[in-house]
Each structure stands twice: as C-alpha cells, then as structure tokens.
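Subject: Handing over a predicted structure

Dear colleague,

I am passing this structure on to you, and the sequence and model are shown just below.

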Amino acid sequence: MFWHRLAKLLFEGAMLKRLERTGYAYLGTGKENIAAHSFGVSLAAMILAKLVPEVDENRLLKMAILHDFLEARTGDLNSVNKLYDKVDEEAAARDAFSDLPWQEEWQELLREYREASTIEAQLVHDADQLDLIVMLKEQHDLGNPYARRWLVYARRRLYTDIGRKLAEAIIETDWASWWLDQFVAKDETN
C-alpha cells in the first residue's frame, strides 16, 4: 500500500509536466509548463542559496521543488484569475500529502513559503520571480513589447537585495549570450 501511495505521488507530480502556466496567454507569447517553471525556480534557488551561506540550503531546495506542487490539484491561477478565484491550499496540501510519513514537514514547508516569514522562503519567492524574469527577458529580446512592463511588475515582487542584484544582471544580459558569445568570439579570432 505504501509503495502504491508513493507511485500516486509521482503521477501527481508528473501532471505538472502537462499543465501549462496560464499567464503567458495574457503576455501574448511564450509557453511553459509548471514542471519546467519549477525546475527554473529550483535552479535559481540553488544559486541564491550559495550566495547567502547562512540559509538552510536543504530546506530552501525542498521548498523550491514543492512551491507549485499543489497546482496539479488547483491549477495555475495567474494574476487576473486571482482577482476572482481563491484556492484552499491547506486542503490541497492535506489531500496531496495524506498518508505520507513526511506530510507535516511538506505542509509546513508550503505554509512557510506562503507566509514568506523566513529568509529561505523569501529566497524561494525571489527564485520564483527570477525564473519569470528570465522568461520575460527572453520574450523581450525576441520582440514582445509587453514583456518590459511585466519585468517592472516582477521586479517589484522581489524580497531580497541579492534577488534584486541577480534580476538586474538578468535584465542587462542578452538571453542568447550564454551560447552566442562563444561563436562571436570564435569568429573574431579567425
């Protein structure tokens, strides 16, 4: 029975690969599923954890991985949806993690994240926005005129100075430079 419960949890997590983030429809371009976003958040959180050595990196990473897990049950409500719809995340967490020996730990991680009461939770919130900023910068560089407006809004939601510094670097960096610069430099030497 326990192993089947774990299998169900993995199937629930896999649902995030098929559920699209809903905000991109309002931006007009771009597309991303919730699992891809969660990977970006986890990567950004891992980077932020290295820059703030006093944080509990293990707790921060667990929180980053779980931050949108409940969207398999609740869906991804964007800013417009949230004007009209409310989600009972406590009930979703209770149901999602029921009968697991670590149920309380995971519910507490999500509660901590929602409250943003610790440096770990604030950094995960920043990682969430930084992943959005990366995607918005890509859309901006590709010509979406609305992405710049969204970038302003996303930057306002950052909690920490370290998050703001990384956001500024993202905005100043061409989205394709990580690979394109190698070829440009190689062409210049030939």
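Ser38 is buried, with a relative accessible area of 8%, where buried stands for under 20% relative accessible area, exposed for over 50%, and partly exposed for anything in between (1.4 Å probe, protein chains only). The residue is found in helix α3, the helices being DSSP runs (H or I, at least four residues) numbered from the N terminus. Not counting residues up to four places away in sequence, Ser38 touches His67 and Asp68, contact being taken as heavy atoms within 4.5 Å.

Before going further, please keep in mind that this is a predicted model, in which local features need pLDDT of at least 70 and side-chain atom pairs count only at pLDDT 80 or more, while totals for chains, interfaces and linings use all residues. Residues are numbered from 1 along each chain as its sequence is written, and side-chain values use heavy atoms, with hydrogens and water left out.

Another buried residue is Asp76, with a relative accessible area of 13%, which lies in the loop between α5 and α6. Leaving aside neighbours within four places in sequence, Asp76 is in contact with Glu20, Arg21, Thr22, Gly23, Ile34, Glu71 and Asn81. Asp76 and Leu16 are 60 residues apart in sequence, and their C-alpha atoms are 9.9 Å apart in space.

Two residues have a positive phi although they are not glycines, namely Asp99, at about 65°, and Ala116, at about 50°. Asp99 is found in the loop between α7 and α8 and counts as exposed, at 64% relative accessibility. Ala116, by contrast, is buried, with a relative accessible area of 8%, and is found in the loop between α8 and α9.

Turning to the aromatic residues, a search of the whole structure finds 6 aromatic pairs; rings of Phe, Tyr and Trp (its six-membered ring) pair if their centres lie within 6.5 Å, and planes under 30 degrees apart count as stacked, over 60 as edge-to-face and the rest as tilted. One of these is the edge-to-face pair of Phe2 and Trp102, with 6.5 Å from centre to centre and 75° between the planes. Because Phe2 lies in helix α1 (residues 2–15) and Trp102 in the loop between α7 (89–96) and α8, this pair ties together parts that are 100 residues apart in sequence. Phe2 is partly exposed, with a relative accessible area of 35%, and Trp102 counts as partly exposed at 26%. Trp179 and Phe183 also form an edge-to-face pair, with 6.1 Å from centre to centre and 70° between the planes. These two residues both lie in helix α12, 4 residues apart, which is about one turn of the helix. Trp179 is partly exposed at 34% relative accessible area, and Phe183 is partly exposed at 45%. Ring pairs also link Phe2, Trp3, Phe69, Phe97, Trp102 and Trp106 into a cluster.

The largest nonpolar core has 44 residues, of which Phe97, Leu130 and Ile133 touch the most other members; such a core is a set of buried Ala, Val, Leu, Ile, Met, Phe, Trp, Tyr and Cys residues joined through side-chain atoms within 4.5 Å. The largest share of this core, 9 residues, comes from α9. Leaving aside neighbours within four places in sequence, Leu130 is in contact with Ala44, Leu48, Leu158, Gly163, Leu166, Ala167 and Ile170.

Finally, the pockets. The largest has a volume of about 1000 Å³, a pocket being an open set of points on a 1 Å grid over the protein atoms alone where a 1.4 Å probe fits, with protein on both sides within 12 Å along at least five of seven lines, and lining residues having an atom within 4 Å of a point. The largest pocket is lined by 35 residues, of which Glu71, Leu77, Lys82, Asp128 and Arg157 lie nearest its centre. The largest share of this lining, 4 residues, comes from α9. The second largest pocket has a volume of about 440 Å³, and of the 18 residues that line this second pocket, Leu43, Leu130, Val134, Ile170 and Trp175 are the closest to its centre. Helices α3 (34–51), α9, α11 (161–172) and α12 (177–189) each supply at least two residues of the lining of the second largest pocket.

With best wishes

Conventions. Grid points are joined across faces, edges and corners, and a volume is the space filled by probe spheres set on the points.
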